[in-house]
Amino acid sequence: MGLLSEGSPLTWDETKALAQHVREHGIEQFINLYARLRDRQGDVLKWGDEVEYIIVRFDDERRSVQVSLRAPEILAKLNEKEAADPQGVKSLWRPEYGAYMVEGTPGKPYGGLLAHFNVVEANMRYRRMEVAALLPENEMVMSITSFPRLGCPGFTYPLAVPTPDDETCAARSNFFPDEAIFPGHPRFKTLTRNIRQRRGEKVSINLPIFPDKNTKSPVEGSIPALPNHVHMDAMGFGMGCCCLQLTFQACNISEARTLYDQLTPMCPIMLALTAASPVYRGHLTDVDCRWNVISASVDCRTKEERGELPLKNDRFRIYKSRYDSIDSYLSPAGEKYNDVPLVLDEALYKRLREGDIDHLLAQHIAHLFIRDSVSLFSEKVHQNDREDTDHFENIQSTNWQTMRFKPPPPNSSIGWRVEFRPCEAQLTDFENAAIVCFVVLLTRVILSYQLDFLIPISKVDENMQNSQKRGAVLTERFWFKKNITAIPGGLGTGQDERQPREPTAQQQNGTSGADGDNDEYELMTIDQIINGKGTFPGLVPLINSYLGSMDVDADTHCTIQQYLKLIQKRASGELLTTASWIRKEVVTHPEYKSDSIVSEGICYDLLRKAKDIQDGVLACPELLGNNISSKTTDSIPVAIEKHLTKHC
């Protein structure tokens, strides 16, 4: 979720009055941080995953299932281990938006050894068991992206009822009660209230209904303008979803910028591959992913900023929500592909340039800082800009984009990092580990082989929308680079990216005409991107080529190969995506009436089956394949550990 500052939250009017104060001081904090750390070199590869979980409660007698609002209680117990032994725990736990959600990460980041890929799944399994041990018999921890009946009557336990007319409520939703928002930290309700108040109305999320033969129109609870859409009206429908994220530490800022850019075209590809959420508010929709749901759930833009009214009271026409895909590349190699209009704060851009920040990074930060702070604490208003970074992080951490470029925290051993954010959570630890290991291996191949995935930002945006369509893995084609092994100028060369690049007025606006150069990229299926076609090698074959040149122990090799096969078979359609599996389970259920409605009984059976698959009680070859038996282990082998120690 981002920065979790403690303190007394300000009202929206108080926060709004301090918006420019936060922006200006946030920029000064970044300039000071950059000046200290721009030359930092030699950080080793470290990486880690974040998995978000939902706690569900089964009522077997009534054949019903609800989300359990006991996350605060469970989180308090989970955090006791960390408090007692911060350096010795195998997992770390943090709150998430929902009172039914927890977020788990490894206790320590993984490193550059290939053997670390064999630890990921075991650690994920440990995390799941750690939560499960604190639950009563009828409650389960599940890594499902969205609870299918979120927002339906009685979806919480204990029962909570929405109160849309209560002015003291944060969401004022017709469907999502405030009790379902995590109560243990003021950030969550503060964000909910302030986003609604800044927008001037409740957020509006609308997904096309899956058109079946008995589907009724208008959809129950829809808005008149969109009668064939499932309507949702609260931040909780988006931020109450679960995802799988990865963070990488680069050796320096140049490598971090390269990874940020090169992974950006992979975001829609991985979103489609991990698609896992076709059901919302008890309805089967015509989309497979959560991304646009979350984007709309935190869209605090006013009507003027959305372009529905001419600008009068607001400063900018803003083309995307603060939760969306990125708008510009950061490395010199990516500059010519920045082909979309980049709205930025000119005064802040000028100050960044005066602070010796190069054009590409300055425009990135100045673009993030067109946003207002939507959560501010009274204790954090006045800060020391040479030492503190809370104002910078306030804006940075509430720009929830597909990729996040993360400076080192002040006074920390942590280096420049990149966060990869599009993936949806999968049912099993095996699947989640496979996705994590695939993406991490891809970063190693990108840097080792100096691969070039760069395409115009406009094409990435187009891919992002197509990736969320029903069955996108098999039915959609995606813009992708034809020759990914050609080395672009500046990629991986370690050149000094701090040298000022004076932009033309056209470049300042983020347009370069790269779209006319379309012999560089073409439309491909995900199968072709992952597995190859003709002269295009495919990403998994490139990873296997890389692994072939490395010394990999037998168990790790076995595990990685199983992970890569899962990715390949999902891409080819031999295995279903989680979303396709869920959709099939719903439409083939004996109680389904071909009306696009996921009833209480259908939801119960769906999640019971998912729980059995998650626990390995029930085989599901159409989702996972056959003979899944990775050699994952809790720790890397002693011999490899000794080798590492000897050569450090």
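1. Leaving aside neighbours within four places in sequence, N118 has contacts, meaning heavy atoms within 4.5 Å, with D555, T556, T559, K631, T632 and T633. N118 itself belongs to the loop that runs between β4 (101-106) and α4 (120-132), where helices (H or I, at least four residues) and strands (E, at least two) are DSSP runs numbered from the N terminus. With a relative accessible area of 3%, N118 is buried, a label that stands for under 20% relative accessible area, as against over 50% for exposed and in between for partly exposed, with a 1.4 Å probe and protein chains only.

2. On provenance, this is a predicted model, in which local features need pLDDT of at least 70 and side-chain atom pairs count only at pLDDT 80 or more, whereas totals for chains, interfaces and linings use all residues. Residues are numbered from 1 along each chain as its sequence is written, and side-chain values use heavy atoms, with hydrogens and water left out.

3. For M266, the contacts beyond four places in sequence are F420, F438, L442, F453, F480 and L539.

4. Aromatic pairs, for which ring centres of Phe, Tyr and Trp (its six-membered ring) must lie within 6.5 Å, with planes under 30 degrees apart counted as stacked, over 60 as edge-to-face and the rest as tilted, come to 22 by this rule. One of them joins Y34 and W416 edge-to-face, at 6.4 Å centre to centre and 75° between the planes. Because Y34 lies in helix α2 (residues 19-37) and W416 in the loop between β14 (403-406) and β15 (417-420), this pair ties together parts that are 382 residues apart in sequence.

5. The rings of F155 and F176 form a tilted pair, since their centres are 5.9 Å apart and their planes stand at 40°. F155 counts as buried at 4% relative accessibility, and F176 is likewise buried, with a relative accessible area of 1%.

6. As for charges over rings (NZ of Lys or CZ of Arg within 6 Å of the ring centre and within 35 degrees of the ring normal), the charged end of K90 sits over the ring of Y126, 4.1 Å from its centre, while R583 lies over the face of F210 at 5.4 Å from the ring centre.
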